[in-house]
Amino acid sequence: MNSIYNYSREKLDTYFLNKGLTKYRSTQVFEALYKQQVKDFFEITNLKIELREELSKDFSISSLDVVREQRSIDGTIKYLFGLEDKVLIETVLMKHNYGYSVCITTQAGCNMGCSFCASGLIKKQRNLTTAEMVLQVLEVDRRLKEEGKRVSHIVLMGIGEPFDNYENVIEFLKIVNYPKGLQIGSRHITVSTCGIVPKIYEFAEFPLQVNLAISLHFADDVKRSKYMKINKAYNIKDLMDALDYYIEKTNRRITFEYILLKDINDTLEDANNLVELIKNKNAYVNLIPYNDTNFFMRSTKEQTLKFYDYLKKNGINVTLRKEQGHDIDAACGQLRLKEVRCKA
Ligand code: SAH
């Protein structure tokens, strides 16, 4: 049955208006689902019983099964969730000094084919529905609530390419941001893409002020095309043009993600290419220590610091991502991969 968590505020308004009821009914339903977090329409006691009956005929209040939970010593928790069709997805909760962030999976598997990324080792099976993304936040928020805490930040940096599941992601963003629901501030939400250029133009028109992160990782076309298939479809120039448009249109600063891979993209020449590419942009760089896989290794500490210093010296805003959950296979896709391989 159709999950109620697929419904953004506008869509639910339409449902009630079609029944000759007012939009206020959706406010009540949103508050019940996302604030009180009811699991049954009959718990929404401020709605007439007939309406509760109708809602439960038209929608389900779905949930996710927790297949496995791994806790890191630093407070990071990784959840492996099972979906209705037995697809497995993972969601990571991270504790920061500014709050709790959840890393969301947007697709089962991924077709982007970035060679260093564990997520892409399993091909895309399907897009996640809006409800399946909303539920990742809700299931984690429910657990935090028991300790008097809440999810304050969301990053769409789990398995999958958000812009390859654009419509569902947009609905998801509206739902989690909605002020009478989960109320995650738009500036506390980050969407990350490997660079699907047409969708960047489209996203520039999206009214919510969410953050955009670009998984750049390479500052020249030869290398980027070698390791990231998407660069063959949209090269660095196409990407930069789209970002210039996005920055001008939204007046928002973007983030470039740059994983440091030993002897592959971590030399000072690479750093210089990066400086030249982005020096005039309203952007900052997030350097990411790589979680080793079979084929790639992280840069040494020394080289990482050299790279960082070079950017800094050349006027680039740069941060070095603090590692979390290293002891629990933190890289996106690693836990799921393990589970799938164990079962195979
Ligand atoms: N497809 C989107 C969303 C996935 S984000 C995107 O590419 O942005 C996942 C992030 O984790 C990406 O920046 C990806 O490059 C990075 N990543 C992948 N494998 C990693 C690993 N082994 N160690 C650290 N980061 C990794």
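The model is predicted: local features need pLDDT of at least 70, side-chain atom pairs count only at pLDDT 80 or more, and totals for chains, interfaces and linings use all residues. Residues are numbered from 1 along each chain as its sequence is written, and side-chain values use heavy atoms, with hydrogens and water left out.

**Overall build**

- The protein chain has twelve helices and twelve strands. Helices (H or I, at least four residues) and strands (E, at least two) are DSSP runs, numbered from the N terminus.
- The C-alpha trace spans about 70 × 45 × 35 Å along its principal axes.
- Among contacts with a separation of 6 or more, 67% join residues 24 or more positions apart. Contact means heavy atoms within 4.5 Å.

**Burial and surface**

- Of the 344 residues, 56% count as buried. Buried means under 20% relative accessible area, exposed over 50%, and partly exposed in between (1.4 Å probe, protein chains only).
- The chain exposes about 15800 Å², and carbon and sulfur atoms supply 50% of that area. Areas come from the Shrake-Rupley method with a 1.4 Å probe; for residues, only the protein chains shown count as cover.

**Charge**

- There are 50 positive and 45 negative side chains. Lys and Arg count as positive and Asp and Glu as negative; His and the chain ends are not counted.
- The centres of the two sets lie 2 Å apart. Each charge is placed at NZ of Lys, CZ of Arg, CG of Asp or CD of Glu.

**Salt bridges**

- The structure holds 22 salt bridges. Each is a side-chain nitrogen of Lys or Arg within 4 Å of a carboxyl oxygen of Asp or Glu.
- Glu 132 pairs with Arg 126 at 3.0 Å, N to O. Glu 132 is buried, at 11% relative accessible area.
- Asp 244 pairs with Lys 281 at 2.8 Å, N to O. Asp 244 lies in helix H9 (residues 236-250) and Lys 281 in the loop between helix H10 (268-278) and strand E11 (283-289), so the pair ties together parts 37 residues apart in sequence.
- Asp 244 is partly exposed at 35%, whereas Lys 281 is buried at 16%.
- Lys 279 pairs with Glu 276 at 2.8 Å, N to O. Lys 279 is partly exposed at 43%, and Glu 276 is partly exposed at 46%.
- Elsewhere, salt bridges with shared partners join Glu 10, Lys 11, Glu 171 and Lys 174 into one network.
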